Amino acid sequence: MKIKILTLFPDMFNGFLSESIIKRAIDNNVVDVEIIDYRIYSNDKHNHVDDTPCGGGAGMVIRCDVIDRAIKANCGDSSYICLMTPQGERYNEEITKELAKKDEIVLICGHYEGFDERVRGYVDRELSIGDYVLTGGEIPAMAISDSVIRLLDNAIKEESYKDDSYFNGLLEYPQYTRPVEYNGKTVPEVLLNGNHKLINEYRLKESLRKTYLRRPDLLENRVLTKEEERLLNEIKKEEM
Ligand code: ADE
């Protein structure tokens, strides 16, 4: 997969791309990430990419002609172009899975007061990483790239993400490691006895319990299996 990130602040991505799983995925050719400074698509001698808002008001607005030229120079038929904006569709794991199937995604980062409204006409999708406003789209672009890259074949082992929170629509079950006892708190017995049938049932039940207690909205539209229904009924009784 190829990820292109259009930004005014390319250096912000240095740490992100040079550490841990993302670095390994790049080194192993699982993904190619290209950071593009769209200031080079300004057509004035001072490389301005923004201008004051028409009609007056505070701040600066990113120009649509600059974004249009940057897209024309860097995107093709297989590019799936996403604009980072707090006005976008709320990003979630379902969208992550969709993006992970694309050949090429292009993430456009804004800064300052936002984009000229006409930029919206050049993109396939607008994405927000949450109901709060950041100073720019760089952190959202990193969050989205990170969540997509970890799902790509050979980035991490499938077992590492298939039980993660959200991947299967539930929050992840509680994890423990040694020491078995610490400050009077012990690891649940079932995880120590090597019975994988019981361990799997415990994990599913605790996954359901966490979701029921913390994010009941995730259960609203879920079609429960017979086993999930049984476990959820037990949980409801236990939590009364
Ligand atoms: N740019 C500024 N805030 C943002 C957000 N919450 N999501 C995506 N892009 C943004």
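Analyst: A disulfide is a pair of cysteine sulfur atoms within 2.5 Å. Searching this whole structure turns up zero disulfides. Cys64, for instance, is in no disulfide, and its nearest cysteine sulfur, in Cys54, is 9.6 Å away. One heads-up: this is a predicted model, where local features need pLDDT of at least 70, side-chain atom pairs count only at pLDDT 80 or more, and totals for chains, interfaces and linings use all residues. Residues are numbered from 1 along each chain as its sequence is written, and side-chain values use heavy atoms, with hydrogens and water left out.

User: Is Cys82 buried or exposed?

Analyst: Buried means under 20% relative accessible area, exposed over 50%, partly exposed in between (1.4 Å probe, protein chains only). Cys82 has 0% relative accessibility, so it counts as buried. Cys64, at 12%, counts as buried too.

User: Which residues touch the most other members of the largest nonpolar core?

Analyst: A nonpolar core is a set of buried Ala, Val, Leu, Ile, Met, Phe, Trp, Tyr and Cys residues joined through side-chain atoms within 4.5 Å. The largest one here has 31 residues, and those touching the most other members are Ile3, Ile5, Phe13, Leu99, Leu107, Leu127 and Ile144.

User: What is Leu107 in contact with?

Analyst: Contact means heavy atoms within 4.5 Å. Leaving aside neighbours within four places in sequence, Leu107's contacts include Ile3, Ile5, Cys82 and Ile144.
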